[in-house]
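Dear colleague,

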Amino acid sequence: MSAISFTVGPKNCSTAGADVSKMCAAHHAIDKHVKDGMILGIGSGSTIVYGVQRLAQRMKDENLSVVCVPTSYQARQLIIDYKLTLGNLDTNPKIDCTIDGADEIEVGTLTCIKGGGGCLTQEKIVASCSEKLIIVADGAKEVNRLGQKWKKGIPIEVIPMACKPIQQKIEEKYGGEAVLRMSADKAGPLVTDNGNFLLDWCFPETKYCWSSVHYYLKLIPGVVETGLFIDMTDECLVGDPQGNVRLLKKTEQTLEL
Ligand SMILES: O=C[C@H](O)[C@H](O)[C@H](O)COP(=O)(O)O
């Protein structure tokens, strides 16, 4: 599979205890894409934490003015904790750039699975309002075909009372198993930032037209959003443990409906 991929590091970001692959990718994204006066979407997960730390440092060093729009409760809290300027889609409906993580990235099309941390819906809303979506990740997430490495399935946010029929419809149409995500620390299902449940659909291994799968899922009443991010990503920055960062650009068309 062809892909534009070249090294843009190494960067000096070897901090003890940090996940260097994630950190270098996130730092590079902040350094490359964040400019004074910008409205910036802040993604969710563990990789973006390094991005927020880097942004806080740059704000202090360069006296930048950047408004940050969160994609989750976690992101909102990060923005507050690092004393960044908190925005929202009411006051900032147009975002210049969003930087976010991913669970798996298909090299070539840059189709991503997101929502391993349960934040897919707000992440997709914020990305859809953004001029650019930059994905930051460690190299372990790059694949030629979705599902090669990420075995937890595609997260699908659903209205709680529709959970069972949605599970059945997905399994009857495509096979596999749509599993209700349970909370790690509370008895019962995990509840998203929007008060919904999540199904993780572990799909059978075959070739998919992901846009038609996404549209089929979205048309089931009660489905709020899917963790398939198709034709949304402008570039991916992928880090390695040595501190190198590679840039991935889209080189293949996504299969159409
Ligand atoms: O719901 C969570 C988000 O989609 C995250 O961006 C994704 O799970 C990647 O997270 P991490 O940076 O922790 O690998």
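The shell around the ligand, in this predicted model, divides into two nonpolar, nine polar and six charged residues, where Ala, Val, Leu, Ile, Met, Phe, Trp, Tyr, Cys and Pro count as nonpolar, Asp, Glu, Lys and Arg as charged, and the others, Gly among them, as polar. Of these 17 residues, S44, S46, T47, D103 and K141 come nearest, a residue being near if one of its heavy atoms lies within 4 Å of the molecule.

As to polar contacts (pairs of N or O atoms within 3.5 Å), a polar side-chain atom of S46 lies 2.5 Å from an oxygen atom of the ligand, while a polar backbone atom of C119 is 2.9 Å from a ligand oxygen and a backbone N or O atom of G101 lies 3.5 Å from one. The protein covers 92% of the 370 Å² of accessible area that the ligand has on its own, by the Shrake-Rupley method with a 1.4 Å probe.

Turning to the strands (DSSP runs of E, at least two residues, numbered from the N terminus), an open sheet of four has the order β9-β6-β7-β14 with mixed pairing, two strands being paired if DSSP finds at least two bridges between them. Its edge strands, β9 (142-143) and β14 (228-229), each pair on one side only. Strand β7 (residues 112-113) runs antiparallel to β14 and is joined to it by two bridges, with C112 standing opposite F229 in β14.

Residues are numbered from 1 along each chain as its sequence is written. Local features need pLDDT of at least 70, side-chain atom pairs count only at pLDDT 80 or more, and totals for chains, interfaces and linings use all residues, while side-chain values use heavy atoms, with hydrogens and water left out.

Best regards

Definitions and conventions
A polar contact is a pair of N or O atoms within 3.5 Å; within protein, one must be able to donate a hydrogen and the other to accept it, and residues adjacent in sequence count only if both atoms are side-chain atoms.
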